[in-house]
Amino acid sequence: MMLLASLWLVVSDPILSGKKKCKFVRHGGGGKGTWGKLLDTDGDSHLDRNDPNYDSGEEPYQLVGSAISDPLDDYKKAVAGLIDEYFSTGDVQVAATDLKDLSTSEYHPYFVKRLVSMAMDRHDKEKEMASVLLSALYADVISSVHISQGFVLLLEAADDLVVDILDAVDVLALFVARAVVDDILPPAFLSRATKVLPESSKGVQVIQTAEKSYLSAPHHAEFVEKRWGGSTHVTVEEVKKKISVLLREYVGSGDTAEACRCIRDLGVPFFHHEVVKRALTLAMEIQTGEPRIMNLLKEAAEEGLVSSSQMVKGFGRLGEALDDLSLDIPSAKVLFFESLVPKAISGGWLDSSFLKSSGENGDAKGEDTEKVRRFKEEAVTIIHEYFHSDDIPELIHSLEELAAPEFYPVFLKKLITLAMDRKNKEKEMASVLLSALHTEIFSSEDIVSGFVLLLETAEDTALDILDASNELALFLARAVIDDVLVPLNLEEITSKLPPNCSGSETVHMARSLIGARHAGERLLRCWGGGTGWAVEDAKDKISKLLEEYESGGVVAEACQCIRDLGMPFFNHEVVKKALVMAMEKKNDRMLDLLQECSGEGLITTNQMTKGFTRIRDALDDLALDIPNAEEKFGFYVEHAKKNGWLLPSFIASASPDMVAA
């Protein structure tokens with residue numbers, strides 16, 4: 001057996017290593033540059049530093065122990081704060097985004113364990129919220145395998161949980177049953193888990209309780225779902241009925257404190273605009289109750305019970321419905337614009353800008369005109385036809401025939417809203433169409449205004465489409481990747497939204513999606529890739545056209561091939577492959593092609609920057625095959641800046657902070 005003179009032992013698992021990383025290194029036996037004598041066992045050899053032949057490289061290395069952080073501990077601390085925040089806000093989308101941002105999916109079983117164990121020690125409301133969150137995260141954020149592993153960890157910890165939570169067995173059994181009812185655990189999980197648990201453990205009792213007490217009972221699904229009150233599963237209609245009842249009771253009693261308590265107990269702060277709308281409508285119906293209604297809204301605003309954005313939203317929704325309301329209350333417009341709105345503004349609980357946004361002379365916004373209504377009807381027909389035929393030229397022709405370019409933002413809003421309520425195929429078709437419309441007839445202002453309209457009504461959309469916020473963020477991020485929007489447009493959109501609205505959070509979510517590693521490829525595939533080509537097919541076509549150009553083709557023909565790809569949002573791949581080919585072939589002819597593409601606007605500055613950025617991020621790998629890759633890249637960057645392809649602010653080398661990001 002061969003004797004190794006050098007030995008490295010690295011314990012990488014922090015759980016096994018006791019949070020220490022140790023290194024054992026060679027003790028040379030035969031001097032510098034040799035392996036030493038095979039049978040040299042003299043352990044008393046001594047190096048004299050005064051010896052003329054002394055070489056510091058022959059000194060034996062010392063055993064070094066250095067403390068390293070435990071990623072699992074860091075993860076557990078992070079998710080504890082995340083869960084507390086979720087129990088406080090009830091915002092599923094924010095919790096999902098924060099969990100994704102941790103980028104440590106291998107630890108997700110511990111998130112499941114921590115979420116359920118924290119909820120077990122709280123009220124029924126938090127238990128229900130925990131179950132709802134697990135259902136929302138299932139598959140999209142946390143894999144089915146990790147869900148199962150998380151529940152196994154809980155069952156294994158049941159003996160410890162009963163020490164602090166007296167009814168832990170029953171509560172955990174209900175969580176298991178709820179997970180089965182919600183289809184995030186398969187029924188077979190119960191028998192599999194029983195096999196890996198000690199027979200006398202509390203975990204086995206949990207499984208037996210779940211089977212006998214909850215999953216075997218008649219109508220068990222309905223019983224399990226309502227066991228914790230189902231506070232997060234209350235339907236919109238039920239909430240509306242509760243709001244109407246509490247407002248009518250308030251008009252009769254005048255007990256403002258009790259009415260505020262009832263509003264708070266609804267537990268739907270994102271739906272308080274409905275309270276405002278129904279309260280104002282009731283004030284018009286029962287004009288003697290108007291003073292009390294206005295006093296309630298004033299009190300709710302001053303307490304912070306109803307946020308300013310929800311207040312504006314409620315007034316806005318009523319303003320949009322005035323035409324229909326006037327059929328039952330003829331004086332609705334007069335009461336709204338001459339009594340309710342002025343009183344709210346003078347009272348300081350409605351922003352004075354509301355009147356400006358509502359139009360002059362008490363008219364509702366332009367969208368409520370007869371012309372817009374007809375446009376919306378035509379737009380819906382055109383969009384449905386497009387989803388059926390996938391014929392972009394025909395859609396553009398039909399849209400131009402409507403001769404209403406001022407309403408293009410409304411069309412964008414309708415397109416995405418209709419797509420969100422359909423399958424991924426239609427969502428992909430909507431993104432592809434948006435890219436085509438931007439190239440053909442939509443201005444950047446139309447696109448920005450359309451997204452503003454979407455985000456202003458995001459809360460209403462979420463009532464019908466549960467995942468609306470996440471999907472809107474994907475549409476926004478995809479629009480940036482497709483060069484329909486530029487990153488600065490996201491700031492412009494945010495500036496046009498009411499403060500503290502859910503739309504602003506959606507824009508923030510979009511920024512996070514764009515900033516993630518490999519965001520371009522991920523977002524191109526977010527709806528499944530309905531352009532007809534897989535990403536690999538597109539890459540192959542790009543490689544072939546660049547090889548043909550490099551072997552003697554003409555610039556104009558190469559540009560036409562790039563144009564024929566029909567994927568302007570993927571042109572950063574052209575830039576990346578062209579630069580790599582230039583490095584490999586030691587031929588800077590590719591720069592002429594990029595110069596032409598930039599000059600005629602075929603490849604935008606945004607796509608050019610993405611291409612250069614991807615090369616910069618991959619320099620370490622490229623240097624393995626191309627030793628002077630970094631030097632060549634620096635030359636290309638300076639050349640691109642000089643010729644206006646790249647912004648002067650572009651940095652050729654990635655800093656450590658950039659790499660970490």
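The following questions and answers concern a predicted model of a protein.

Me: How many helices are there in the protein?
Reply: The protein has 661 residues, of which 43% count as buried. Its secondary structure includes two strands, and the number of helices is 37.

Me: Among contacts between residues at least 6 apart in sequence, what percentage join residues at least 24 apart?
Reply: The contacts considered here are those in the protein between residues at least 6 apart in sequence. The share of them that joins residues at least 24 apart is 74%.

Me: What percentage of the accessible surface belongs to carbon and sulfur atoms?
Reply: The accessible surface of the protein comes to about 34,600 Å². The part of this surface that belongs to carbon and sulfur atoms is 51%.

Me: Which helices hold Glu128 and Arg178?
Reply: Side chains of opposite charge can pair when their charged atoms come close. The side chains of Glu128 and Arg178 meet in a salt bridge, with N to O at 2.9 Å. The pair ties together parts that are 50 residues apart in sequence, because Glu128 lies in helix H5 and Arg178 in helix H8.

Me: Are Glu128 and Arg178 buried or exposed?
Reply: A residue counts as buried under 20% relative accessible area and as exposed over 50%. By this rule, both Glu128 and Arg178 are buried.

Me: Is Glu285 buried, partly exposed or exposed?
Reply: Glu285 forms a salt bridge with Arg248 (3.4 Å, N to O). Arg248 lies in helix H12 and Glu285 in helix H14, so the pair ties together parts that are 37 residues apart in sequence. Arg248 has 48% relative accessibility and counts as partly exposed. Glu285 has a relative accessible area of 45%, so this residue is partly exposed.

Me: With which residue does Arg478 form a salt bridge?
Reply: Arg478 counts as buried because its relative accessibility is 1%. The closest N and O atoms of the pair are 2.9 Å apart, and the partner is Asp482.

Me: Which side chain of opposite charge is nearest to Asp483?
Reply: Asp483 lies in the loop between helix H26 and helix H27. Residues that Asp483 touches, not counting those up to four places away in sequence, include His438, Pro568 and Asn606. A salt bridge needs a side-chain nitrogen within 4 Å of a carboxyl oxygen. Asp483 is buried yet has no salt bridge, and the nearest side chain of opposite charge, at 4.7 Å, is Lys610.

Me: Which helix gives the most to the negative patch?
Reply: A negative surface patch is formed by Glu385, Asp390, Asp391, Glu394, Glu400, Glu401 and Glu440. Residues in such a patch have over 30% relative accessible area. Glu401 is exposed, because its relative accessible area is 57%. The helix that gives the most to the patch, with three residues, is H21.

Me: What distance separates the C-alpha atoms of Met420 and Thr461?
Reply: Met420 lies in helix H22. With a relative accessible area of 3%, Met420 is buried. Met420 and Thr461 are 41 residues apart along the chain, and the distance between their C-alpha atoms is 9.5 Å.

Me: How many salt bridges does the count come to?
Reply: Salt bridges can also link residues in a network, as with Glu258, Arg261 and Asp265. The count of salt bridges comes to 19.

Methods
Residues numbered from 1 in each chain as written. Predicted model: local features only at pLDDT ≥ 70, side-chain atom pairs only at ≥ 80, totals over all residues. Heavy atoms only, no water. Patch = residues over 30% accessible without salt bridge, like charges linked within 9 Å, V, L, I, M, F, W, Y side chains within 5 Å. Areas by Shrake-Rupley, 256 points an atom, 1.4 Å probe, with all protein chains shown as cover. Lys, Arg positive; Asp, Glu negative; His and termini not counted. Charge placed at Lys NZ, Arg CZ, Asp CG, Glu CD. Helix = DSSP H or I, 4+ residues; strand = E, 2+ residues; numbered from the N terminus. Buried < 20%, exposed > 50% of the residue type's maximum accessible area, 1.4 Å probe, protein only. Contact = heavy atoms within 4.5 Å.
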